[in-house]
Amino acid sequence: MNEASLIGLLIATVSFGALLYLAALGELIAEKAGVLNLGVEGMMAIGAVTAFIAGVEFQNPWLALLIAMLSGALLASVHGLFTVGLGAEQVVSGLALTILGLGLAAYLGKDYVGLRPGAELVPVEWGPLSELPWVGPIFFSQAPVVYIALFAGIAASLVLSRTRLGLALRAAGESASSTDSAGHSVLGLRLSAVATGGALAGASGAYLTLSITPQWAEGLTAGRGWIAVALVIFGAWRPGRVGWGALLFGGTLALKTRLQTFGVDFSPIILSMLPYVLTLLILLIISVRARKRPSSAPAALGLAYRREER
Amino acid sequence: MTQPSSLEKKEPLSVELTEVWKRFPGVVANAGVELSIQRGSIHALLGENGAGKSTLMNILAGVYRPDSGQLKLHGRSHQFRNPSDALSAGVGMVHQEFRLIPSFSVAENVVLGSAPSLIKTGQVEQRVAEMAAKFGLQIDPSQPLWQLSMGERQKVEILKVLWRDAQVLILDEPTTVLTPSEVDDLGEILRRMADDGRSIIFISHKLHEIAGICDHATVLRQGKTVANSLPVADTSQDELARLMVGASPTISTQQSAAVIGKPLLELKNLSAQGDRGMNAFSGINFDIKSGEIVGIAGVAGNGQRELADVIAGLRPSISGEIIMDGADITTKSPNHRFQSGLAYIPEDRLGVGLAPRLSITDNAILRVYRHQRKGPFILGQKALSYCADIIERFGVKATDVNGPIAALSGGNLQRLLVGRELDGKPSVVIASQPTRGLDVQGVKAIQELLINQRDSGAAVMMISEDLDELLAISDRLLVMEGGVLRGEFDPRSASRQEVGMAMLSDAQVRATP
Amino acid sequence: MRRIRLRLREHPLPGGQPVAFGIGLAIALFVGTLLLLGAGHDPLKIYSRMFDASLGGPDAWSITLNRAIPLGLAGLAVAVAGSMGLWNIGAEGQIIAGAIAASWVARIGGSWPGLLLILMMLVAAVAGGALLALGPAMARAKLGVNEIITTLMLNEVALRLVQWLIHGPWKDPDSFNFPLAPMLPDQARLPTLFGRAHFGLLIAAAVIIVISVAVRYTAWGYELRIAGSSEATARYSGISLPKKVLAVLVLSGAIAGLAGGVELTGTTDRLTESISNGFGFAGIIVAALALMRPSGVAAVAILFGAVQIGGQSIQTLGVSSSVSTILQAFILFGAIGAGVFSRYAIALEKDALRTTEEVQS
């Protein structure tokens, strides 16, 4: 294993980490407000395809990113409408959203398969910082989405812990009736959290087609949406911890394609089980600990709220 | 303490409710209620269950709108459309069921709904701590709520209301979740708030607490004000109790008691915990003999529900024994108890006694399906005829026995449940609030069923909040208060007032039979 | 202030689930028409091709029924857990686990007679699915760990496992380096009934009938439904909940595992990466549309099978098969919406006053 390939691995780790982090942050925000959205995979696919199409049509990567986020938010709002508005089962609606998102993405993208990208988000250079050994290439010449993910993580963390909005949002995920009686609109909080989550998943998808693999093909998201769902649990619903988890899981994604170049005789496929197995372990630990203190999961996660039923 | 009344008159009343009417379908909850509260005083609102206290307070807190009547705060008229309106006018209510979030810190719970848009945790916690200190509430604002006792949680609820600068605080039966020393603390806290110029409305059933804490008392009975702003210092507890329960002598409609036989259910030194980890009841000793109905009187939340659950095997006891027909069943399963002849009519009909999403037939066979089967199969025809039999014998009005049970009315639900429980000719019947919420016919039908059981030799325990009902149908009456038995009465000779006193105070009352 | 809110209807609108399903189908067809028009196709022509290919004759029916087999079994797996209020999101992985276990039997029993081999393969499939569900079942029964996430995670683990097997140890040396397991021995294939429909149809029908009858008519199923309606009522009548949770989730996994085994011996004839083909997720939707009633999954599975087969057939007309995926999602959303509106009415209310139920409290 030489230095160049190790640096290459770390660059890819940060890059995949950011990809997962964006989607996981979105899921975290929705879950913090009490809505489980199992449609991440579908929303990522929609973000990926709309970003690619917009890139080809408008040749502007930023416009493409924006369109991807709007599309993600729009698709997520279907879930919001059904689960928050109509009180439908979140599990069923979320899975249907995945199917819908994957189907729509395939349908919209069928004429764009194999096309050259019209726009790409190219790595940002930070002047002398980018010249630094190790640190430079790993942290200071990444695509802008990486920095956006970092910014989004810090922002989400601050908003959730330090603002009135964040307090209300978390309250909606813990006890809808308490939030309601404190004068906040549970409906509004949850709908906007779900839509925000969709926008972030859309951005994550856009990162795939605008930067990581600047192409569109069906099945491009390859189960990464599910990793994002796992990450939220792995990180115990905390933006910071989810960020570290994203780097860890991103590392397994990055390592997967490089195991052979490192001469390690270990199946990359078995390696890719790691995120899920780790998440299962964490889940068990959480539940054993939960006997002493409340679980870190939002207490009202998955529960519909109708005021009349109180 | 209380200021001389000549001074008070000069200031406008902080709360003035006049001629308040509120009707609900079938009930007049408030029939021209009057309430006047002076600034800086602690005012007790007394009344039996159903006297209209909660309705009145919900009107004052903006939850209900009155049908008619006037509401003035500090001399100005108000009409509240919702609780937020009331809060911004300075009226805050601490409900019996806390609306708190366990994973949040104390400070976060306090400021939820009226937080600054940017929350500086240290600053907010400091402000909450200062406010708490001002009123003598000892609490750490950074502590997560789930670590707090019920008494501390109540302080958080009070802080929530204070944080919004409420001038009028309503506390709905605040002492039910408190230990005696916490009650004393609460009294001091309320006094500080009153000295700060706020008015406190204190809803309670416990007369000795009112004597220790409150300045004035208003008593409601049957939706009307029977005593307005009595000075508590000059009024005896007997007088307050008489005002609450009314002076009407009870006319016992009791049919001649059946032949009383040997004890079928014996409780020996029985204790158990409630949901909140505090003792729900302790040291309960009594027996029920064949052919008698023992009524358990008391205000809700004094351990009666838990007692019924423990006897039925749905809640573990922490000490003591339960003997049924000579056999110790203390650790036996609920099903074993049922098979040995114990019927249980739980308080929560649809949540515990019945399965709401299943059909009427499925619910009817809950106690017999284990026997009505062939191999693994439940005998469908037998289930249907069993259900039809229950429906006919117990007068359940149901159009479709395959339809969901939740579609039945309250009275029919209860007839089905009671019928199902009584069908197996039980030797012991535990009935928890069996007539609550039923119409007149339903109440009569259920009471008659229980009396028939007694006459055929069963031992019946009946928990009710309706004292008149218990006086009418029990053979013996026990009063439960604060998790212990406060007295035993003979319903044929006991006066309503006597029993009421035992229900409402800690004083040990023993009536001689 | 006036606000829009949903108010529970005193009597649900007549028709119930079939009508809701029909409305869902109508909405889906409407959306599909828009999509097809948008792509420059003639919707009528496309729809008639879809119908012909899926329900237009005995052959078409046989193909549709073959598809309905895994959909129905997966739906049944989800519904039997759902009868008790549990969510098995892991049917996708359990199907894979079943197929892997069955393939393993085929590898060691290649010389056994057909009947024995197939029987053992199906038994192994059942065990494989049950084994994958055992972990989440125990975690839920003993520790109270939410089964949604555990079963969901195991889907991905099972998927990686089958990928590893067919890229590695079980790779067919004659597959020109494609990631495929070897073909099953000839005698390990389920016999054909009619057209292309294979014997798995009878297996699936029998299992669906047995489980439906068990849930509806036996004491075991009765206790399941009681627990699904209210846990407190189950305790009240002396039903042991942890045991039931364990049994039901394992049974659910076993049924999904069987789906994998039947799909392997009946349709794919070899272990592939896509052996589960989304059936596990589609099964959740099938079960949801059947309102978690085991007896309802067969009909929904056939309809979903028809939509999927019809969707495949229009690819020859240049229409993306994704149209059928989108249609499936819209059937579900449409049916959920119709279901909600059959139970709730939209009401314009003046303000949020609480109602009479709370007078007593």
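Predicted model: local features only at pLDDT ≥ 70, side-chain atom pairs only at ≥ 80, totals over all residues.
Where they touch, domain 1 of chain C contributes 11 residues and domain 2 of chain C contributes 12 residues.

How much area do domain 1 of chain C and domain 2 of chain C bury between them? The figure is about 1,200 Å², with 76% of it on carbon and sulfur atoms. Three residues stand out on the domain 1 side. C:Q17, C:F21 and C:Q328 supply 43% of the area that domain 1 of chain C buries against domain 2 of chain C.

Now look at the polar links. Between domain 1 of chain C and domain 2 of chain C, the rule finds zero salt bridges. Two residue pairs are in polar contact across this boundary, both at pLDDT 80 or more. On the side of domain 1 of chain C that touches domain 2 of chain C, helix 1 (16-38) and helix 13 (322-343) of chain C are the elements that give two or more residues. Helix 13 of chain C has the largest share, with six residues. By class, this side of domain 1 of chain C has seven nonpolar residues, four polar residues and no charged residues.

Next comes the interface between chains. Chain C brings 27 residues into contact with chain B, and chain B brings 36 residues. The area buried between chain C and chain B is about 2,800 Å². Carbon and sulfur atoms give 56% of that area.

Which residues form a salt bridge here? B:D362 pairs with C:R225, and their closest N and O atoms are 2.6 Å apart. The count between chain C and chain B is one salt bridge. Polar contacts join 18 residue pairs across the interface of chain C and chain B, both residues at pLDDT 80 or more.

Which helices of chain C each supply at least two residues of the side that touches chain B? They are helix 7 (200-217), helix 8 (219-229) and helix 9 (231-236) of chain C. Helix 8 of chain C gives the most to this side, with seven residues. Sorted by class, the side of chain C that touches chain B has 10 nonpolar, 10 polar and seven charged residues.

Key
Residues numbered from 1 in each chain as written. Chains lettered and ligands numbered in written order. Heavy atoms only, no water. Contact = heavy atoms within 4.5 Å. Buried area = accessible area lost by both parts, 1.4 Å probe. Salt bridge = Lys/Arg side-chain N within 4 Å of Asp/Glu carboxyl O. Polar contact = N/O pair within 3.5 Å; in protein donor to acceptor, adjacent residues only side chain to side chain. Helix = DSSP H or I, 4+ residues; strand = E, 2+ residues; numbered from the N terminus. Nonpolar A, V, L, I, M, F, W, Y, C, P; charged D, E, K, R; others polar.
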